[in-house]
Amino acid sequence: LKTNMFLIRRRLATPKLTFELLNVGKYTQTKVAIGFIDGVADQQIVNRIKTQIKNIVIDGVIESSYIARYLEENKFSLFSHVGSSEKPDTVTAKMLEGRVAILVDGSPAVLTLPFLMYENFQMSEDYYIKSYRATMVRIIRLFALIFSILMPGIYVALQEHQYQLFPIKYLVSVLGQISNIPLSPTLEMLLVLVIFEILNETSIRMPRYVSMALSVVGAIILGEAAVTAGLFSISSVIIVAISTVGVYCVPDEINSSSILRFGFVAVGGVLGVLGILLGMAGLVAYICSI
């Protein structure tokens, strides 16, 4: 905790930088530091955060994510409500913008509040490049995330209901691919998504030198074998692969975007393009509500 506080203090050489210490956890008595710049951060927000942390009743706090769960406005929300960073320069920049930093003893990740969703589209290197370049890259990340979430669902919706919207040449290619597929387009896409999620989870938890080989085997050899055997169409495999790559443009939203992909595939398979539009409207309304 003292090391992390020092990393921030060496960048903010001002007496207005304030840290207030609290102990959280019945058995661990973990030290938690609330850091802010007096006169820059909103004092009402600082007091609210202190009150929330003081009211935490828990046996022990091992990592900062324990605290984050108690600071979220809606614990069942798909999207995160608390910022997190392991880079001292990023945390310092956010404190200069008026945010409050929460440091937990034993954890390298510092929480920041208030949190705005567009912070997920910011990367640490954005602070060191020209503003127009950073803006363009953030817009690309946003469109990549939207494209990745919607693409599998739109493909299923067009294939199940509005196939006449496909270009003629591509429609002929698709019909040739799916003629021998035993599954419906919706089940096929859901199964491909599940397999990619399994491969992703496996590669993360395997040793590094094994995970790279597993990724190559899973993505190329297994995919090619499944297409050759007639289990999946090549279009479904390609679309899920592109969608998965796009999701990683915004790593902080991987959890929510993975769930949303399944949701849009199910809605698109049942209601078609109308279902995709209704799902988008519902998602925008939900995001606005939080």
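**From the hairpin to the cavity**

In this predicted model, strands β1 and β2 form a hairpin with 5 residues between them, and within that turn Gly 25 has a positive phi of about 110°. The two strands run antiparallel, β1 covering residues 17–24 and β2 covering residues 30–37, and they are joined by 8 bridges. Across this pairing, Asn 23 stands opposite Lys 31, which belongs to β2.

Turning to open space, the largest pocket holds about 1,100 Å³. Its lining is made up of 42 residues, and those that lie nearest its centre are Ser 80, Val 82, Ser 84, Asn 120 and Asp 252. Elements that each supply at least two residues of this lining include the helices α3 (64–71), α4 (88–96), α7 (185–205) and α10 (254–271), together with the strands β3 (83–85) and β5 (110–113). By class, the lining of the largest pocket divides into 17 polar, 13 nonpolar and 12 charged residues.

The second largest pocket has a volume of about 400 Å³. It is lined by 18 residues, and the closest to its centre are Glu 73, His 81, Leu 113, Pro 114 and Phe 115. Two or more lining residues come from each of the helices α2 (43–54) and α11 (273–289), and α2 gives the most, with 4 residues. The class make-up of this second lining is 12 nonpolar, 3 polar and 3 charged residues.

Phe 196, Glu 197, Asn 200, Thr 244, Val 247, Tyr 248, Ile 254, Ser 258 and Arg 261 form its lining, to which α7, α9 and α10 each supply at least two residues. These lining residues divide into 4 nonpolar, 3 polar and 2 charged. Helices α7 and α10 also each supply at least two residues to the lining of the largest pocket.

Spanning residues 234–247, α9 packs with helix α5 (residues 131–160) at an angle of about 160°, and the two axes are 8 Å apart. An angle over 145 degrees counts as roughly antiparallel, and α5 and α9 are therefore roughly antiparallel to each other. Their crossing is left-handed.

Note on methods
Residues numbered from 1 in each chain as written. Predicted model: local features only at pLDDT ≥ 70, side-chain atom pairs only at ≥ 80, totals over all residues. Heavy atoms only, no water. Pairing = 2+ DSSP bridges. 1 Å grid on protein atoms, 1.4 Å probe; cavity = no way out; pocket = protein on both sides within 12 Å on 5 of 7 lines; lining within 4 Å. Points joined across faces, edges and corners; volume = space filled by probe spheres on them. Nonpolar A, V, L, I, M, F, W, Y, C, P; charged D, E, K, R; others polar. Axes fitted to C-alpha atoms, helices over the stretch in contact; angles between N-to-C directions. Parallel < 35°, antiparallel > 145°, perpendicular 65-115°, else oblique. Left-handed = near helix turned anticlockwise from the far one by under 90°.
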